[in-house]
Structure formats: C-alpha cells, structure tokens
Amino acid sequence: MRGLQLPLNQTQRIRLQRALEKLHSLSSKANSDASVTVADTIPVNYDDAFLKGHGTTELNGELVATVCGVVERVNKLVYVRALRARYKPEVGDIVVGRVVEVAQKRWRLEINFSQDAVLMLSSMNMPDGIQRRRTALDELNMRSIFEENDVVCAEVRNFHHDGSVQLQARSQKYGKLEKGQLLIIDPYLVKKSKQHFHYLEQFGIDLILGRNGFIWVGEHVEARDGMIVDQANNSEQSTVEKDQAYTPLEMRQNICRIANAVRVLSTLGFNVDADLIIETAELSSSLNIDIHDMLGSEFHVLVAEREAERRSLMTKRKR
Amino acid sequence: MMQVRPNLDYEGPKSHQHHRAFVFGFEYGFLKEKLDQKEAAKRANEQLGFVFDIGPNPWSKPATSSFGCKPSLVKMEYVSPEGLRLDGRRPMEMRQIRAEIGTVARADGSAVFEMGNTKVIAAVYGPREVQNRSQQISDQALVRCEYSMANFSTGDRMRKPKGDRRSTEISLVIRQTMEACILTHLMPRSQIDIFVQVLQADGGTRSACINAATLALADAGIPMRDIVTSCSAGYLNSTPLLDLNYIEDSAGGPDVTVGILPKLDKVTLLQMDAKLPLDIFENVMGLATEGCKAVANYIREVLLENTKQLEYRRGL
C-alpha cells in the first residue's frame, strides 16, 4: 500500500483494511470508470465538439490520457486531473515557500513547482510598513528581510511568458514565518478554500495550508492581520519579541501535536483541511495518546476508522 | 513387451538428441584426437567441477547416445528435452513480475520492479529547477538518468567505482528510452532526474530498470506519450527463450533487449550484441515484444489500482 509502511499486527491490519474498504465503497469517483492511466483512451462523444485539456493528447483521432488521474469534464472541456503531481500554481493561490537564493532585487523561492518562484523586492511590503520606492540601500539590506532557508508565505501574483511564477507579499499576513514547523505533503491533498490562514485558538497556533503542499504550523503571532500598525508601537513590540526568543514548552507540544496530525492524515492519503486536523489532534489528546505515539500504527488505524465513519455520516446526511 | 517410457508431453526442440546433456563451456577438439570421447567427457567434467553420470541415455530415441555425435556440438543444456529451462520455465515463459509504487517517501515518484530474482528500485525527482544553469533548455525539460548497481546485488560482492563504463552506457540507454516518451516540451526550463538502482541482479536488469523508471515517472505525474515497457529474449540451444536469467545470460548467446511503446506500437529500444540470422532474429524479437506487451498489461493494472486508491482515500 502506497506510503503506508507501518508495522501492523493482525487485528490492526484487518481493521485498517475494513476502514479502507468502507472508504472505497463510499467514494463516488473511484467506483465509476473515471480513473485513467497513461495512454488510456478517454471515451468522448466524437460527434460533439470537445476541447482537449491538460493531461490529454490526440492520437489517431482518439483522445488519450498522458498522466494517471481522474477524467473531469467541464462543458466541452475534457481534462485529466493528475493526482500526485507537482504543484501547478494558479493566480491568487496562497503558498508557503523556502528561500533558495537572494538575487538582484528578488528572492528565489522553492515552492514545489517545476521552477523556482520569484518574489520581487518591489512586490512586498517593507517591514516598517511605509510605501515608497525601493532604493539601492533597500536592495543591499535584502538579507535583513529574508535570508536563504527562511520560510516565507506569499501569494501567486502572475506568470511570466516563459512559465515562471511571480509572487507577492503585499500584506502583513504574508512574510517570514518563525517559531514553528514546516511540513511538506502532496499538493493534491490541500483543497482550495476561502481560508488558508487558520488561528487555532484552543492551541494558540497559526496554521497555514499552502496550496503547494507546504504546511506551516507555528506559534500564533499577534497583529499580523492588522494592515496599519503604528510604527512606534510596532518597533517596541519587536524588541519585546526579541527578548522572549524562546517558546514555552506547552506551545511546542501543541505545535508538535498539530504537525503530527497533519503527518498522519497525509500518510493515510486523506484530504487535509483545518477541521480535520483539529479533529485528529483532539482525538489524540482525548485518548491520552502521547505526541510521539501519534505516528504509530495504532493511531493511524484509529484515524482511518474515524474518517470512514465521518464520511459515511456525511453521505447519509446528503441523502 | 511394451517399453515403459516417461511420459513426455512436450517434444522439446527437434534436435534435442544433439545437445542432450553435458557441459563443455568450450570445445575439447584437441582431446578428441588423443582420447576416446568418454574419457574426454569425464576429464572435462572434472575440470569444470560438474558431476555427471555418463551412462547410456535411456530417453534418446535412436540407439546412439548423445556421445554419438560430434563433441563440437555438445554444449550446455539450457532447455531439457522435456522443454524446461534451468529454472523450470518453458521457453516462452516469463519470470514472475511484481511492482510496487511509492516506495521512496521523499521522491516525486518511485517504484520497485521485480522480475523473478531481479529487483530494481527507481526514484524520480522533478520537474524541478535546473541545477546547472548552463544545461537549461529554454523550450523543453532536461532529462537525466543515473543507473547504479548496489554492491550486494550480485553473487560476489563487487566494489566497482561509480560511473564505470557499463553503468554509464545503461544510464544513457535508459535516459534515451524515457526521453522518447516524456512530453518534455510541456515542462520548459526544468529538469527531471531518474535514479535507478539494482538491488538484486539476476539477468535482465536493463529491462527491469526501464520498467521501474516508467512506473516511477507515471507516479510522479509526468506527462508521457505512452508507457515504455521492456523485456529481453535470447536464443540458446536453437530455441528462442523469453526473459533470460543470469545463467542463461552468461551463456554468451544472443540477448535481445526490446523496449516498446505498446499503445503507439513503436520500438524505442533494441539492443543485441551478437550475431543472429535474420529470420531467427525476427522470431526472437517477436517473442521479446510479446513479453513487453505482457509487462505493459501488468504495469497498467498496477497504475490504475494506485490511481483509484489515491482517489478514494482522498475522498470527495
């Protein structure tokens, strides 16, 4: 089974199998013939006009898939949604990336795309919050904003003609991420939603679900959302922040618990969203499961069973 | 009185009397003159460390034993008169194949492919930013491939330097074969790395590597024209044999490795380092192509199963 290399005992194996079978029976797409592999012919009505989308090609008058995935049809457009591919950026997506290089007036970020993304100095807010032209001095001080290997949150701005991606970070909610963990999961597990920034109040944690499969779990930072912050106040705060450079133990444990919940969900191949992550973390704490035991086989089986139950309830409610 | 004979359903190759039994890796022509043939056979067997009973052969239809024929025709028997090969397969039988997807956690795509005792692991990284800027191609992806053999993959533990001639050649072969099927123009200015490593070598590593690489590329979601599958076939004891194992491979006979695109019905790889008459070659290649198609069917099954699993687990 893909990605699941757990030491399961006999009962655990049977329970997991049963849960997965239940998930399989509940899924509408998997039971239909929508799944295709490379070089499979996609059935289309050739009398009607159709448009070839991503993941398809024409061969001897037939429409043929070029990737493994699920066939999707939108009006005339027929395309194959690839599972487990690298991230394909769309304008407006919120992504988390890692700085690879500091170059002329720009940073290069690794965002799990086929090329590195570009974050221009001009397309981000200065830390002091003033809108002005970027001077040569700012260019020299770029490393004071982001250095190599920093984790940065940004938004996809546009594409260049050569296919490279430009990012922007024009709000206080974007920027450098500190005091937390970066998790890298398959991008197809993160669904597009209205809200990708989550503040989990009960844990005191910020959760950022990057559309590129980079997930940030970190200590909650105040005043990130405030667009206009008094400059003096801000600088004062930053000095205070520097003084408490350490994170309390409880906070670290919370971060680890949430991070492990994400890890469990992604190894099981379940969609990762904020509700499910909170539910999983709460399940672990209610059962008094230690943080390091969350990655053990027993908890994986439990989460799988729980998910099967949840989905069956959801489908019942729909009917 | 009726003669009791073992029941042989399979007639075996027509000329099986000629190469029934007894191994001389090379000709013992020089002995023929001095010693009688029986003596020569005994001596040769001792030298090669084989213990054979050189009695009269009860199964050969004519009264003459296998030693009735010239010693130059006496060779290693790779196909028994019953029509079985050394590992018990029929000449047109493949070894058991098994594939597993997603074996390397941090790779974009990965697979393990087994053909009998040959076991190969492949990992694909990319499409990703080109590491060496000067190699960047502005309108297509750069495909790189690295083949290596684990030290423990062969019977005797070999310590070969990385990048010897054989590995370099196979890396090139795999790269060219995979490049032919990847739609590189869809991923400009990026690079795709394919790493294949042989974990257990028992003949046919080249084919196994190509099959593993195909699976890994499909797993990584890299668009391809078609899947590439590969299989080898050989010709020993005047019989075409499918999917040679190590012993058959090291017999020194012809070994034809074929790689095909099954849907497009095209050949992307054809290698042979021996001579074969054209009509026999066509037979052997046809056999290898059939093998490729069988592998293709299996690979598609595995991929479809994997896709379905990913989809239903994700839900909605």
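User: Is strand β11 of chain A, residues 165-169, mostly enclosed or open?

Analyst: In this predicted model, 5 of the 5 residues of β11(A) are buried, so the strand is largely enclosed by the rest of the structure.

User: Which way do the side chains of β11(A) point?

Analyst: In a regular strand, side chains alternate between the two faces of the sheet. Here Val165(A), Leu167(A) and Ala169(A) point one way, Gln166(A) and Gln168(A) the other way, and all are buried.

User: In what sense does β11(A) pair with β9(A), and in what sense with β10(A)?

Analyst: Strands of a sheet pair through backbone hydrogen bonds, and the pairing is either parallel or antiparallel. Strand β9(A), residues 117-124, pairs with β11(A) in the parallel sense over 3 bridges, with Leu119(A) opposite Leu167(A). Strand β10(A), residues 151-159, pairs with β11(A) in the antiparallel sense over 4 bridges, and Asn158(A) stands opposite Gln166(A).

User: Which residue takes a positive phi in the hairpin of β10(A) and β11(A)?

Analyst: Gly163(A) does, with phi near 95 degrees; the hairpin has 5 residues between the strands.

User: What is the strand order in the open sheet of 4 strands?

Analyst: The order is β1-β5-β6-β2 in chain A, with mixed pairing. Strands β1 (35-36) and β2 (51-52) of chain A stand at the edges with a single partner strand each, so one side of each has no neighbour in the sheet. The partner β6(A), residues 77-82, pairs with β2(A) in the parallel sense over 2 bridges, and Lys52(A) stands opposite Val78(A).

User: Which residues make the nonpolar surface patch of about 240 Å²?

Analyst: Leu51(A), Val74(A) and Leu77(A) make that patch. Val74(A) belongs to strand β5(A), residues 69-74. Its relative accessibility is 44%, so Val74(A) counts as partly exposed; the exposed class starts over 50%.

User: How far apart are the end C-alpha atoms of helix α6(A), residues 274-286, and what span should the helix have?

Analyst: At 1.5 Å a residue, its 13 residues should span 18 Å; the end C-alpha atoms are 18 Å apart, which agrees. Just after α6(A), Asn288(A) takes a positive phi of about 55 degrees.

User: Which residues of α6(A) are buried, and what covers them?

Analyst: The buried residues are Ala274(A), Leu276(A), Ile277(A), Ile278(A), Thr280(A), Ala281(A), Leu283(A) and Ser284(A). Their cover includes strands β14 (197-200) and β15 (205-209) and helices α5 (249-268) and α7 (297-318) of chain A.

Notes
Residues are numbered from 1 along each chain as its sequence is written. Chains are lettered from A and ligands numbered from 1 in the order in which they are written. This is a predicted model: local features need pLDDT of at least 70, side-chain atom pairs count only at pLDDT 80 or more; totals for chains, interfaces and linings use all residues. Side-chain values use heavy atoms; hydrogens and water are left out. Two strands pair if DSSP finds at least two bridges between them. Buried means under 20% relative accessible area, exposed over 50%, partly exposed in between (1.4 Å probe, protein chains only). The expected span of a helix is 1.5 Å times one less than its number of residues. Contact means heavy atoms within 4.5 Å. Patches are made of residues with over 30% relative accessible area and no salt bridge: like charges are joined within 9 Å, nonpolar side chains (Val, Leu, Ile, Met, Phe, Trp, Tyr) within 5 Å. Accessible areas come from the Shrake-Rupley method with a 1.4 Å probe; for residues, only the protein chains shown count as cover. A salt bridge is a side-chain nitrogen of Lys or Arg within 4 Å of a carboxyl oxygen of Asp or Glu.
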